[in-house]
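Dear colleague,

I am passing on a structure that you have not worked with before, and below it you will find my notes on what turned up. Please read them with the structure open beside you.

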Number of protein chains: 2
Amino acid sequence: MSGESLFLGPMPLSMKPYKGTRDFYPRDKKFLRFLAEKFSNILNLYGYLEYDGPMLESFDLYAAKTGQEIVETQLYHFEDRGGRKVAIRPEMTPTLARMVSAKIDELPKPIRWFSFPNLWRYERPQRGRLREHWQLNVDLLGGVNPQSEIEILSVAAELLKSLKALPFVELRVNSRAFVNFVFEKQLSLDAKQALVLEKLIDAKAKMSEVEYLGKLADLKLTDTVVEKVELYSRMGLEEALKVFACPEIEALSSVIQQINSQYGANLAVFDPTIMRGLDYYTGMVFEAFDKSPDNPRAMFGGGRYDNLVGLFHEKKQLSGVGFGMGDVVLSQFLETHGLMPDLGQDLDVYVAYQSDDFQSSAQKISIQLREKHFLSVVVSQEAQKIKSAFKSANRLDSTSVILLSEDEFSRNCFVWKNLSSGEQIELPIEGFLAQSSFKSALEKLKKS
Amino acid sequence: MSGESLFLGPMPLSMKPYKGTRDFYPRDKKFLRFLAEKFSNILNLYGYLEYDGPMLESFDLYAAKTGQEIVETQLYHFEDRGGRKVAIRPEMTPTLARMVSAKIDELPKPIRWFSFPNLWRYERPQRGRLREHWQLNVDLLGGVNPQSEIEILSVAAELLKSLKALPFVELRVNSRAFVNFVFEKQLSLDAKQALVLEKLIDAKAKMSEVEYLGKLADLKLTDTVVEKVELYSRMGLEEALKVFACPEIEALSSVIQQINSQYGANLAVFDPTIMRGLDYYTGMVFEAFDKSPDNPRAMFGGGRYDNLVGLFHEKKQLSGVGFGMGDVVLSQFLETHGLMPDLGQDLDVYVAYQSDDFQSSAQKISIQLREKHFLSVVVSQEAQKIKSAFKSANRLDSTSVILLSEDEFSRNCFVWKNLSSGEQIELPIEGFLAQSSFKSALEKLKKS
């Protein structure tokens with residue numbers, strides 16, 4: 001070996017995916033498809049239509065709408081070969097806003113749309129945070145309050161229900177309109193102070209008590225106000241209704257009541273500390289929490305935002321309610337609670353033959369199984385001994401094996417064996433589809 | 001208006017998608033889902049499993065494997081915030097090679113995988129070519145020849161069949177091994193000359209006759225060789241078998257025969273001018289052509305390539321056969337031949353009510369229709385007059401309307417109207433699911 005190659009030889013290519021991203025091997029992709037189908041089935045029941053946009057958008061779209069921190073530190077952006085500044089989408093809402101704005105007059109309102117795009121953020125990879133993740137986005141635009149709020153929470157509940165997750169989750173609900181009422185009207189803060197205080201309460205869970213109290217002191221509020229803020233942030237719904245008696249808390253209370261009457265007494269819970277970001281939301285906000293104290297994180301959330309199309313239309317307004325739910329956090333939640341779905345086996349039938357002379361019969365049997373019964377069938381490419389055939393079937397995760405061996409073939413027959421029950425039947429090569437033993441074995445196979 | 005704002009004011013944000021890309025409004029997305037489901041259903045029957053990888057890959061992965069032209073002029077690449085050189089995937093094969101290499105020993109062979117990723121190339125947008133398109137990739141790795149060749153062509157045929165496209169398409173088949181045999185052994189060209197000539201024949205369809213002859217002359221072949229090349233490129237299968245009688249053309253002939261015996265005499269056709277690119281392919285190559293003379297373009301194609309994993313493993317080999325099929329060219333083909341699918345209506349039932357007092361009944365009816373019969377149902381958010389209810393139902397592309405109006409409500413009933421047949425029935429609000437008139441109306445709705 002020459003010394004040179006140690007320093008100048010090409011680096012070996014890495015077999016790992018790019019940092020913070022995942023390869024989806026067939027089992028992983030099957031799980032993602034499982035989620036996508038659950039989402040799409042539930043959302044179709046409520047009349048939500050799927051949309052999608054391109055992976056790249058103009059950089060300006062995010063510079064204008066997305067939070068400062070994301071654009072400055074997390075957005076993937078670059079210049080294309082024609083000098084256009086473009087970015088890989090870090091969230092779906094700007095694309096939604098652009099697409100809806102382009103057809104604002106022709107789209108029937110309210111608009112019910114969903115999407116399950118992959119989104120990119122430059123992050124330090126850690127539990128629950130990756131550079132590429134898939135996020136369900138559900139939005140109801142141009143609808144009426146509180147029907148839209150109730151519908152969006154119902155849809156969130158139905159999604160959780162379809163994943164058997166409902167008993168483990170709590171929807172913590174608040175209203176930004178109510179918070180503003182309390183902070184501005186009752187505590188006499190100006191809009192700027194109110195915003196800073198909301199931001200602080202939003203971030204409280206990530207701080208130590210000392211840090212929180214320090215930042216609270218920085219706001220230079222009077223002792224009375226600080227005391228009231230403390231009281232406020234521990235307030236239950238009954239008390240809030242009694243103390244403030246404003247339309248904002250009454251509307252929220254009615255939303256919570258309706259959700260709980262449909263899904264059980266404790267699904268929706270009033271939580272005055274839920275703020276849900278700071279730029280978009282103007283009405284109801286919510287976050288779904290794992291009730292388990294071991295996993296005290298928001299799984300997903302959303303709320304009402306005003307005027308989605310303001311960036312594109314000076315004189316048009318379109319308010320909405322929506323939420324986003326990412327695949328990484330959701331999978332971790334499902335794993336924690338033993339809710340990962342059974343994704344089934346990869347293959348229905350593996351067809352093997354002992355002599356090359358039986359190959360064309362093997363192909364004919366397979367074609368009939370695919371065409372008439374939609375079974376997934378792989379035919380061996382070479383003659384195999386019985387032991388090797390079973391080994392192949394197991395490696396391919398097949399539910400059953402068909403064997404064409406000397407003995408049966410001489411009687412124009414083959415054997416079909418169900419690998420989970422161990423049952424096997426002999427069938428004639430010609431006309432096996434019509435045999436009653438075939439039909440009952442097929443039933444059992446589909447159940448196993 | 002100050003003069004300043006004319007020059008310094010922010011540019012209005014464009015509502016168009018980034019150049020060369022598409023927005024997928026619900027109808028567009030539904031078509032893409034239709035394709036994805038067709039693909040996935042057919043491929044599952046043959047035991048192909050779906051995989052996927054991240055949108056971004058290391059730049060080096062393409063620098064090493066992808067054609068020079070693509071990397072230099074068409075690849076989207078940039079440095080991430082950590083100084084890593086990354087690229088947006090322009091094709092799926094390098095990702096496939098990386099993923100398979102990483103698990104080369106544990107994956108059961110042959111590997112049958114497919115994917116339907118979005119791919120990016122910096123191109124001047126034109127008919128059939130966009131910067132972002134979706135491409136089905138099907139690969140069979142580590143299989144036996146000619147069974148793998150036959151299976152891949154069968155799968156391509158099944159996909160076309162499921163789209164009702166088979167009668168309009170011809171699979172033009174050749175073998176790079178055969179071409180090499182002819183050019184090197186029979187015409188005594190060296191490997192370099194053979195490659196240049198293959199490249200020229202590959203590009204011939206895009207040139208004028210004069211241009212082609214000029215480039216042929218540049219190769220400085222003897223007149224006899226030029227004459228033989230001309231004869232070669234017009235040769236039919238029978239003649240090729242007679243003249244060359246080598247194992248390469250005999251193997252190809254047997255593949256063609258088997259495909260045609262299964263799918264009809266003229267689906268697979270020998271075409272000695274099909275070369276299918278120049279870097280990957282080493283055995284059978286094919287391109288699917290629209291038989292219509294108005295659309296003389298390859299719709300998709302593929303072939304056998306050697307050693308997919310060579311970049312990652314010095315001592316391992318994995319050969320494969322596969323093809324790629326893009327959504328843009330495919331949709332244009334389907335449109336041309338009137339084969340675009342009926343994507344159905346957006347909604348099954350639109351539920352309207354004449355008075356707010358009926359709203360909770362409307363909700364209860366909807367929940368039952370969703371839970372018991374998986375119908376997609378939208379409930380009006382406000383009381384509506386009958387005329388306005390029908391208008392909403394039409395705008396939402398609903399198959400039927402449920403109306404709760406004063407008259408029927410006073411008798412604890414509602415009306416369900418099928419909008420395509422015009423038939424309507426009256427049903428009791430309580431227990432309507434058990435009514436026989438409901439059941440037969442439901443049957444008709446599902447068929448319409």
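In the hairpin that β16(A) and β17(A) form, five residues lie between the strands, and among them Gly422(A) takes a positive phi near 85°; please keep in mind that this is a predicted model. The two strands, β16 with residues 413–418 and β17 with residues 424–428 of chain A, pair in the antiparallel sense over five bridges, and within this pairing Trp416(A) stands opposite Ile425(A).

Turning to how the chains meet, 58 residues of chain B are in contact with 58 residues of chain A. On the side of chain B that touches chain A, at least two residues each are supplied by α2 (26–45), β1 (49–50), β2 (56–58), α3 (59–65), α5 (93–102) and β14 (377–379) of chain B, and the largest share, five residues, comes from α2(B). Sorted by class, that side of chain B has 30 nonpolar, 12 polar and 16 charged residues.

Strand β2(B), one of the elements that supply this contact side, also belongs to an open sheet of three strands in chain B, which has the order β2-β4-β3 with antiparallel pairing. Its edge strands are β2 and β3 (77–79) of chain B, each of which pairs on one side only, and neighbouring strands of the sheet are turned by 35° against each other on average, if direction is ignored. Between β2(B) and β4 (residues 85–88) of chain B, which run antiparallel, there are three bridges, and Leu56(B) has Ile88(B) in β4(B) as its bridge partner.

With kind regards

Methods
Residues numbered from 1 in each chain as written. Chains lettered and ligands numbered in written order. Predicted model: local features only at pLDDT ≥ 70, side-chain atom pairs only at ≥ 80, totals over all residues. Pairing = 2+ DSSP bridges. Helix = DSSP H or I, 4+ residues; strand = E, 2+ residues; numbered from the N terminus. Contact = placed C-beta atoms within 7 Å. Nonpolar A, V, L, I, M, F, W, Y, C, P; charged D, E, K, R; others polar. Axes fitted to C-alpha atoms, helices over the stretch in contact; angles between N-to-C directions.
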